[in-house]
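Student: I would like to learn how to read the packing inside a protein model, one feature after another. Could we begin with the terms and then turn to the case itself?

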Amino acid sequence: MASITTKREGYATISTRGLDFSSVPMRLFQKAKKLGTWDPFDIDLTRDKADWPTLDELHYENILSLSTLFQAGEEAVTLDLLPLVMRVSHNGWLEDEIYLTSFLWEEAKHTEFFRRWFTEVPQVDYDLHDYLGPNYRTIFFEELPAAMNRLLSDDSPEALVNALVTYNMVVEGTLAETGYWSYARMLERDRYLPGLAQGIRLIQRDESRHIRFGIYMLQRLVNANPALWDTLQAKMFELLPIAIGLTTDNRERFEDRFGEGNELIPPEETQEYLSTQFQKRMHALERARQQTREELEQEVAAEIEQDEADQASAPA
């Protein structure tokens with residue numbers, strides 16, 4: 001990356017440029033201010049504390065294992081987001097940087113929520129790293145920090161595409177989104193640990209904005225340079241088998257201990273949801289290569305409007 005700015009010659013917000021309030025990042029920032037200001041310490045864990053001692057061994061291990069994966073994952077994305085913030089700042093993308101301030105704060109808040117739950121409900125005071133399987137370690141210990149930290153020294157669009165695919169398409173858009181969707185369904189179906197379920201619902205709402213932003217940035221990049229589609233596809237299909245292997249790691253560990261057919265989250269439902277979300281996003285990214293920039297912006301703005309309408313009509 002080129003040298004970091006040591007002096008400035010002016011500021012966008014007091015120039016004729018101003019701020020583009022209708023832009024996708026600024027619209028997401030408005031949503032973050034309205035929907036992302038929940039406090040993990042406002043969530044009532046009283047019922048969770050009463051439920052926890054009543055769980056059988058299968059449920060105990062399943063909840064502890066899944067929550068560990070999310071706790072570590074939320075800390076990982078908190079730690080590894082900063083290079084992207086620095087990259088968009090370096091590029092002068094002010095609206096993107098403004099939105100990313102809420103993005104980083106929300107990831108930190110998710111990290112706080114899970115640690116509070118671990119401390120107050122199962123009262124974990126021991127190391128949980130054994131729950132992290134080899135595929136999990138490959139993605140979170142190696143691929144994610146490497147792709148993100150590359151942005152500190154490489155200002156190529158290819159480096160940015162690889163970082164966004166790793167962070168937003170794989171870690172958030174494949175693993176976290178699918179995991180939270182299935183986890184929330186399980187908790188609400190069985191009607192236990194309501195504090196954990198509430199926190200997950202709120203995290204899902206935040207993460208939907210994060211994913212939308214990452215996909216939008218990728219759409220912009222391939223729209224400006226369609227040749228980047230090959231870079232995007234190559235990284236996606238390099239990481240996808242590892243991501244799928246991560247879910248297999250966890251399933252095999254439980255089958256070894258509890259036998260087959262003891263999954264609390266039906267794998268067929270999870271796979272169908274993952275496949276649907278993945279295909280929808282890949283189609284949107286592929287379509288961006290042929291769109292004009294105006295068509296792209298209009299399409300994403302319409303999606304955000306529809307999402308706002310859906311949330312407004314959803315039951316409280």
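Tutor: Let us start with contact, which means heavy atoms within 4.5 Å. This is a predicted model, in which local features need pLDDT of at least 70 and side-chain atom pairs count only at pLDDT 80 or more, while totals for chains, interfaces and linings use all residues. Residues are numbered from 1 along each chain as its sequence is written, and side-chain values use heavy atoms, with hydrogens and water left out.

Student: Which residues is Leu 84 in contact with, leaving aside its neighbours within four places in sequence?

Tutor: Leu 84 is in contact with Leu 100, Met 148, Leu 151, Leu 160 and Leu 164, once neighbours within four places in sequence are set aside.

Student: How many residues has the largest nonpolar core?

Tutor: In soluble globular proteins, nonpolar side chains tend to be buried together. A nonpolar core is a set of buried Ala, Val, Leu, Ile, Met, Phe, Trp, Tyr and Cys residues joined through side-chain atoms within 4.5 Å, where buried means under 20% relative accessible area, exposed over 50%, and partly exposed in between, with a 1.4 Å probe and protein chains only. Here the largest core has 58 residues, and those with the most contacts inside it are Leu 84, Phe 140, Met 169 and Leu 232. Its largest share, eleven residues, comes from helix H7 (residues 157-190); helices (H or I, at least four residues) and strands (E, at least two) are DSSP runs, numbered from the N terminus. A second, separate core of 30 residues includes Leu 64, Trp 117, Tyr 192 and Leu 202.

Student: How many aromatic pairs does the structure hold?

Tutor: Rings of Phe, Tyr and Trp (its six-membered ring) pair if their centres lie within 6.5 Å, and planes under 30 degrees apart count as stacked, over 60 as edge-to-face and the rest as tilted. The structure holds 16 such pairs. Phe 70 and Phe 114 are stacked, because their ring centres are 6.1 Å apart and their planes at 20 degrees. Since Phe 70 lies in helix H3 (residues 57-80) and Phe 114 in helix H5 (residues 94-120), this pair ties together parts that are 44 residues apart in sequence. Phe 114, at 0% relative accessibility, counts as buried.

Student: Is Asp 206 buried or exposed?

Tutor: Asp 206 counts as buried, because its relative accessibility is 0%. Asp 206 lies in helix H8 (residues 194-224), and its contacts beyond four places in sequence include Trp 38, Glu 106, Lys 109 and His 110.
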